[in-house]
Amino acid sequence: MAFAKISQVAHYVPTQVVTNDDLAKIMDTSDEWISSRTGIRERHISVHENTSDLAVQVARQLLDKAKLSSEELDFILVATMSPDSTMPSTAAKVQGAIGAKKAFAFDLTAACSGFVFALATAEKFIRSGTCQRGLVIGAEVLSKQLDWSDRSTAVLFGDGAGGVLLEKADAQYFLAESLNTDGSKGGLVSGQTVLQSPFSEHQEPLNPYIQMDGRAIFDFTIRTVSKSIVAIMEEAGEPDYLLLHQANERILDKMAQKIGVDRDKFLANMQRYGNTSAASIPILLSENVANGTLKLDGSQKILLSGFGGGLTWGNLIVKI
């Protein structure tokens, strides 16, 4: 049987940093109001780059680190809820930009669980024996979907991308998996939500912006996601570190109490990036490999947990 492992990590964010004080100049908010409720103090906002541009930067870093040609890739998966366009996919644009002629490519949309869902999917391609290696990237330019006059959403999100190179391995690195959806609840709505047809007499104005019931998602995370994390830890053991989707610092505090794991095991960077949806977990992973907290030598066990609109939630326990 073939196995898969994460062999390289990388991330990229736009250079423009927008602080809470910057936001206070354009809306009714303050650094104290935002940071006390979320832990977020700044975020990176794209000025000229679209989602595929960020993902391409990550893809090139991963290939450089691995000293691989793009033609050695079998697949490219991009998790995003802010694609450049509906067609072609963001992944197809990445494939074309880096010249990965032999790789199939597609986008996967599962909101803030997107990277976990995409990584779980990619692992199956390698485990099946049909693929040797590929890229899994979470990339978002959420700033283009925000109503910048709405402080309930605009202060939360940021832009960025992160990803991994997944390769065939001789031993098992993916230890446990749990993917879940409850489409009856929703929790986050993005983009054009009203059907517009020239054949309909009933026309409603479109709302192109992200809308979110933050309290409902917070309660769902603490109540439901915590149970799934406990269940997967019972299956594969307590990890060395937990990398949860970076939505709110309070979620990490409450989650540590709820599942009975030391808060120091929960890695965090939302203070500097905000909520980057599908990009948040791979950015966090890449940063902590860069700073030496995570080793990529097979000696550590980590939990990746994404949760958000859909409602979706997913967990992986992986050796790195």
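**A chat about the core and its sheet**

Student: Hi! Which residues touch the most other members in the largest nonpolar core?

Tutor: In this predicted model, they are I229, L242, L244, I259, F266 and L303, out of 41 residues in that core.

Student: Which elements supply at least two residues each?

Tutor: Those are α7, β11, α8 (249-259), β12 and β13. Helix α7 gives the most, with 9 residues.

Student: Can we zoom in on L242? What does L242 touch?

Tutor: Leaving aside residues up to four places away in sequence, L242 touches I229, I259, V261, K265, F266, L267 and L303.

Student: And what is in the second, separate core?

Tutor: That one has 37 residues, including V9, L108, A118 and C131.

Student: New topic, the strands. What is the order in the open sheet of 4 strands?

Tutor: The order is β8-β13-β12-β11, and the pairing is mixed.

Student: Why is one side of β8 and of β11 left without a neighbour in the sheet?

Tutor: Because β8 (174-181) and β11 (241-244) stand at the edges, each has a single partner strand. On average, neighbouring strands here are turned by 10 degrees against each other, ignoring direction.

Student: How many bridges join β12 to β13?

Tutor: There are 8, between residues 301-308 of β12 and residues 312-319 of β13, and the two strands run antiparallel. One of the pairings is G308 with its bridge partner T312 in β13.

Student: Back to α7, then. Which strands does α7 lie across?

Tutor: Helix α7 (residues 214-236) lies across β8, β11, β12 and β13, and runs at about 30 degrees to β13.

Definitions and conventions
Residues numbered from 1 in each chain as written. Predicted model: local features only at pLDDT ≥ 70, side-chain atom pairs only at ≥ 80, totals over all residues. Heavy atoms only, no water. Pairing = 2+ DSSP bridges. Axes fitted to C-alpha atoms, helices over the stretch in contact; angles between N-to-C directions. Contact = heavy atoms within 4.5 Å. Core = buried A, V, L, I, M, F, W, Y, C linked by side-chain atoms within 4.5 Å. Buried < 20%, exposed > 50% of the residue type's maximum accessible area, 1.4 Å probe, protein only.
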